[in-house]
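Hi there,

Here is the structure I promised to pass on to you.

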Amino acid sequence: MMGLLVLGSILNFLTRSTLAVAAPTLLQDLHITEQQYSWILGAFQIAIMLQPFCGYVMDVLGLRIGLAIFAAAWSVVNMAHGLAHNWQMLAGLRALLGFSEGSANPAGMKATAEWFPSKERGLAGGVYNIGASVGSMIAPPLVVWAILAYNWQSAFVITGGLGLVWVALWLLLYESPAKHSRLSTQEKDYISAGQETFLQSDGSRPSIIKLIKQRNFWGIGLPRFLADPTWGTLTFWLPLYLKNVRHFDLKQIAMFAWMPFLAADVGCLFGPAIAATIQKYTRLSLINARRCAFTLGACLMIGVAFAGFVESPYAAVALISLAGFAHQTLSVTVITMSSDLFTRGEVATVAGMAGTLGNAGVLTFSLLIGALVTTIGYTPFFVCLGVLDLIGAVVLWTLVTERSAVNEISIA
């Protein structure tokens, strides 16, 4: 099941990253400015902030059917990008893509909560989030190949078509643990025994108003608002930065733009491993161990602040790659905490709501880059990325309270 989910995540971020890699060619072909490009990205980010709706739909319809609907939609919309002939049409398509792709994170957290006991959930969340890095890593060579072999339109058709193939596999193979015919009784008991009893769902629909009132939601949502601009910068702006500032051609972009995402893959596993090691060798709780892992990642993020100051383009790529590693170290940690702090019937909705805040951060940062990059350059933005996660760590330690059977009522 995790392999199937990871494959879906890979294709989600492959389609999401196709525009960024094609941007140096597409923007020139359609005569789109960098500011207009930021508006196109903004349309995506505004729409993807509807993640709570996606999570709510999957909590109500079930993960199997709900995710299949959204995945089919994002695949078809991505293919339609090849029909765009101006920035307005591209912005409309990106909005539709953002809305449907907002299902990925809530789906991953819901599946992780359903299929894994608490002691394995951090690693499972890390493995799932590798999909984001792998999809973004595959995009540069695949999209550049499609452009050089055919045209930029074909890149969208190819990546979207792969998504439709995955939807068929998902409907054929996925089912919840309670209904899966190939899952043995022993395996079902193992999963059930490892679940926190006070986080079991009572079958009622999640209340967004109730969730918004909980400090734990803001404790994981605000750090995402501060952290996610890093991922948005890597995904949407890195190819243009390499072309316009470091003077890379399309082939060089294909050679180097995937490296931060390879480092991010390692970070996806490093964050859960650090949390597990801390919990094993200290008396810290699971929540505090995760907070320590987040803080370590935030400290490592300081390195990206120097990316704009180094003369060597390869040193800049190395520092940006460190940012990819550090970001996923902390990001997967805080994302996983939604399944540690909320009931099974709330996880997808909470993950979607936190994702809304994260994408609001990406939207704000992208619009600022689009408006100011031609006058102040990229360096101030790299410096900001190095500082924001430190603030996020302070918020995480300040707002989050550990949930247990004893204090469940007091924080509801």
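Below is what turned up, going from one part to the next.

Before anything else, keep in mind that this is a predicted model.

Let's start with the inside. The largest nonpolar core has 121 residues. Leu 26, Tyr 37, Trp 170 and Ile 220 are the ones with the most contacts inside it. Which helix gives the most to this core? That's helix α1, residues 2–30, which puts in 16 residues.

Leaving out residues up to four places away in sequence, Trp 170 touches Leu 4, Leu 5, Leu 63, Arg 64, Leu 67 and Ala 68. There's also another core lying apart from the largest one. This other core has five residues, including Ile 274, Ala 275, Ile 278 and Ala 293.

**Helix α3**

Next, go to helix α3, residues 51–61. Its buried residues are Gln 51, Pro 52, Cys 54, Gly 55, Val 57, Met 58 and Asp 59. What covers them? The cover includes α2 (34–48), α4 (63–80), α5 (87–101), α6 (104–115) and α16 (347–376). Just after α3 you'll come to Gly 62, which takes a positive phi of about 100°.

**Two helices crossing**

Now find helix α11 (residues 215–244) and helix α13 (residues 259–281). Their axes come within 11 Å and cross at roughly 155°. Angles over 145 degrees count as roughly antiparallel, so α11 is roughly antiparallel to α13. The crossing of these two helices is left-handed.

Which residues make the contact? From α11 it's Trp 231, Leu 234, Thr 235 and Leu 238, and from α13 it's Pro 260, Phe 261 and Ala 264. Sorted by class, the contact of α11 with α13 has six nonpolar residues, one polar and no charged ones.

**A glycine in α11**

Stay on α11 for one last stop, Gly 219, which lies in that helix. Is Gly 219 buried or exposed? It has 0% relative accessibility, and buried means under 20%, so Gly 219 counts as buried.

Not counting residues up to four places away in sequence, Gly 219 touches Val 395, Leu 396, Leu 399 and Val 400.

Happy exploring!

Note on methods: Residues numbered from 1 in each chain as written. Predicted model: local features only at pLDDT ≥ 70, side-chain atom pairs only at ≥ 80, totals over all residues. Heavy atoms only, no water. Buried < 20%, exposed > 50% of the residue type's maximum accessible area, 1.4 Å probe, protein only. Helix = DSSP H or I, 4+ residues; strand = E, 2+ residues; numbered from the N terminus. Contact = heavy atoms within 4.5 Å. Axes fitted to C-alpha atoms, helices over the stretch in contact; angles between N-to-C directions. Parallel < 35°, antiparallel > 145°, perpendicular 65-115°, else oblique. Left-handed = near helix turned anticlockwise from the far one by under 90°. Nonpolar A, V, L, I, M, F, W, Y, C, P; charged D, E, K, R; others polar. Core = buried A, V, L, I, M, F, W, Y, C linked by side-chain atoms within 4.5 Å.
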